[in-house]
Amino acid sequence: MKGFELFNLFIVLLSCISASARECSNKLPESHQLRYHLLTSKNETWKQEVLNHYHLTPSDDSAWSSLLPRKILREEEDDEFSWAMMYRKMKNPGEFKIPEDKFLEDVSLHDVRLGKDSMHWRAQQTNLEYLLMLDVDRLVWSFRKTAGLRTKGNAYGGWEDPTSQLRGHFVGHYLSASALMWASTHNDTLKDKMSAVVSALSHCQKKIGSGYLSAFPSRYFDHLEALKPVWAPYYTIHKILAGLLDQYKYADNAHALKMATRMVEYFYNRVQKVIRKYSVARHWQYLNEEPGGMNDVLYRLFSITKDPRNLFLAHLFAKPCFLGLLAVQSNDISDFHVNTHIPLVIGSQRRYELTGELLHKEMGTFFMDLVNSSHTYATGGTSVGEFWRDPKRLATTLGTNNEESCTTYNMLKVSRNLFRWTKESAYADFYERALTNGVLSIQRGTSPGVMIYMLPLGPGSSKQKTDNGWGTPFDSFWCCYGTGVESFSKLGDSIYFEEKGKIPGLYIIQYISSSFDWKSGQIVLNQKVDPVVSSDPYLRITLTFSPKGAGKASTLNLRIPSWSNSNGAKAMLNGQSLALPSPGNFLSVTKTWSSDDKLTIQLPLSLWTEAIKDDRPKYASLQAILYGPYLLAGHSEGDWNITKTAKSLSDWITPIPVSYNSHLVTFSKESRKSKFVLTSSNPSNITMEKIHKFGTDTAVRATFRLIILEDSSSLKYSSYGDFVGKSVMLEPFSHPGMLVAPKGKHHELVVTNSSRAEGSSVFRLVSGLDGKDNTVSLESKSHKGCYVYSLKSGKSMTLRCHKKSKKPKFNHAVSFVMEKGKSKYHPISFVAKGTNRNYLLEPLLSFRDESYTVYFNIQA
């Protein structure tokens, strides 16, 4: 019976998460979450029932061929898909025309250092701590086991567990992330650790002897080629190859390059055998099983080795049934598994850079425009339940499984390439938005190794309350952990781009406190970005310079973001005003820079709304609220209604003063060796609940703002004792404009609208009636001698009046420790006036476990 119930659950999940998932044949949809639960289930009956539905059917070769972007695989009908013919067509890279366009060039991560005052640096350091926590022997455990070598210690869990078919994928990501982090920080301990991983993998490869290297046996590829169930073996191979190439590129590990070359020789021969035995269509058919970015990593290897076999094999890992749709510019990507297919586009982009085939440039441009216009949320992210759904129908996709983190990582690569090709500010704007809201949102504060798989966007969502919740450092290792550790290791790689020429140019597209040793410009550039706050609506950037050598003329090109406006924008060079272009363009300044130069830019940070990408009129009111590039989320457990009372956003969305943080308090008391806090347990009731850590809904509900009615001109208090003797009102942290008030003597305390509370919401804050030094009591101003009272946790708090006969018990029940609030306002915090309540808005990236709403139903 249980097996039948599980099977029904599987069918429901399949219909909800991947209703009509499209591949190049009708196989089980590629949801990584679903696959993991299937393969780790101990219910063999259920597994067998599910796998009976897992099948591949032969595809129509002629239909596949009609989608080929390049007619390179057919010469004659009687010599169809001949391996030799394909090789002759592809092997000579000299036939390709290198693009004439001058691309912007990457700058070396070794030359960029993030400023320690930036949130990007804090995110980088949190990730560095995690990379240093991971143990070499545990990382390579399954590689050694597969190679027949002695293992040490225990393997990690989650997707790196020895029974997981995807084991080894994170180790590839680790190689990439550690190489990128080494370049970004030059942490010697990390360099020793990543070198030890490469060395251990080298021993495994030598022991196997064929060039093969993986944490799982090569028979997985036998299953794949026979079209039998197996979980994405080429996906893992791509990660290992990419990691080895990154070790070569960023850490100068030449042996890692040799290891990658040997691996590719093995798979070149393997693919050759498949195509000779069957056809190229058979090879493409098993690419339905997510191959990662195999085409991309093979193009990367070709750019280093110039071995035409690498180029040839890269072409074979392009998936024509998907790329062909882009080639003919068909708006038909719905129901494809997102993270299977974005890497194919990245590989196609690299193909254009290597071969000059304009079609692949056009495909990348079309793809970016298609996703951004029809499938992208306000975060800059895409996907629901790992898939694309109907274009411009996002309103009904909002839930707990939006925006797989991996997809944001990969879309950033697509937009980055397009910016390097075109210098169009729109691609840099996208990069900024997706990095700020999509990437920086997936870490849980400064907890190393705690990240999320999905970024939920439904009303009342929480990062903790997704199907996966927060991961753990040693027992998750999802795909999004792999891309996550890479993302936070390369936060400095897209701030600056270089333009070579007689007068070198530098494009500055991200405003992040950092320094850059610009060798061709012969200067060290220091970028200082003032912390952004809601009460001062400007982004202020200061650039200073340290020349190296005799100095030479160079050009700085600074992005004027599309979210800004001309009113209040200004730029100054050494005190002299510069003419600023309109938003969406670049300010260009050419000179020979000296240590006396100072370039400052002030950009207005505007509040603005963006409608959800949904062309159905009934969803036109669903809008996200942004402050410059920051997506604001409202503290809400499902409420989302706002009635717009004025045309200007600044009339109904107002900033919270920084000084308000000094007015945030939590009231607590000890009871039976446990600590409880005064809590607005639901929007209307006040109870005492067990204390929880910062970043939770309980911490939010346990925090109140003291509104001081006397000496209101004095906004700063040196200690909480300064509040004693004052008349105060209590405003729940997440419900601005609401107040705590009693219904009357001996009645419950409730949270009510401030306009209804009148004088009943005023309390006199006095020294605790229990006589202890650190306690306070709250006496009702309208009911003298009556105090906020609580004796039991979980019970509604009441207003009780003093009774001499029960003085000790009463005094204890009305005395509380007043301490620093369990939550605090983010520097970017606003109050938005809602229909039935107001909302505290803060950047989505700042939320941990708290409930939030991203899209609001904003009615005129």
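A polar contact is a pair of N or O atoms within 3.5 Å; within protein, one atom must be able to donate a hydrogen and the other to accept it, and residues adjacent in sequence count only if both atoms are side-chain atoms. Good morning, colleagues. The model is predicted, so local features need pLDDT of at least 70 and side-chain atom pairs pLDDT 80 or more, while totals for chains, interfaces and linings use all residues. Residues are numbered from 1 along each chain as its sequence is written, and side-chain values use heavy atoms, with hydrogens and water left out.

I begin with Ser-513. Its side chain has a polar atom 2.9 Å from the backbone nitrogen of Val-529, and it also makes a polar contact with the side chain of Asp-117, at 3.5 Å. Where is Ser-513 found? It is in the loop between strand S4 (505–508) and strand S5 (514–518); strands are DSSP runs of E, at least two residues long, numbered from the N terminus. Is Ser-513 buried or exposed? With a relative accessible area of 4%, Ser-513 is buried (under 20%, 1.4 Å probe, protein chains only). Ser-513 and Leu-114 are 399 residues apart in sequence, yet their C-alpha atoms are 6.1 Å apart in space.

I turn now to the sheet. Seven strands form an open, antiparallel sheet in the order S2-S5-S6-S7-S12-S9-S10, where two strands pair if DSSP finds at least two bridges between them. Strand S2 (112–114) and strand S10 (576–578) are at the edges with a single partner strand each, so one side of each has no neighbour in the sheet. Within the sheet, S7 (538–547) and S12 (598–604) pair over seven bridges, and Ile-541 stands opposite Ile-601 in S12.

How values were computed:
Helices (H or I, at least four residues) and strands (E, at least two) are DSSP runs, numbered from the N terminus. Buried means under 20% relative accessible area, exposed over 50%, partly exposed in between (1.4 Å probe, protein chains only).
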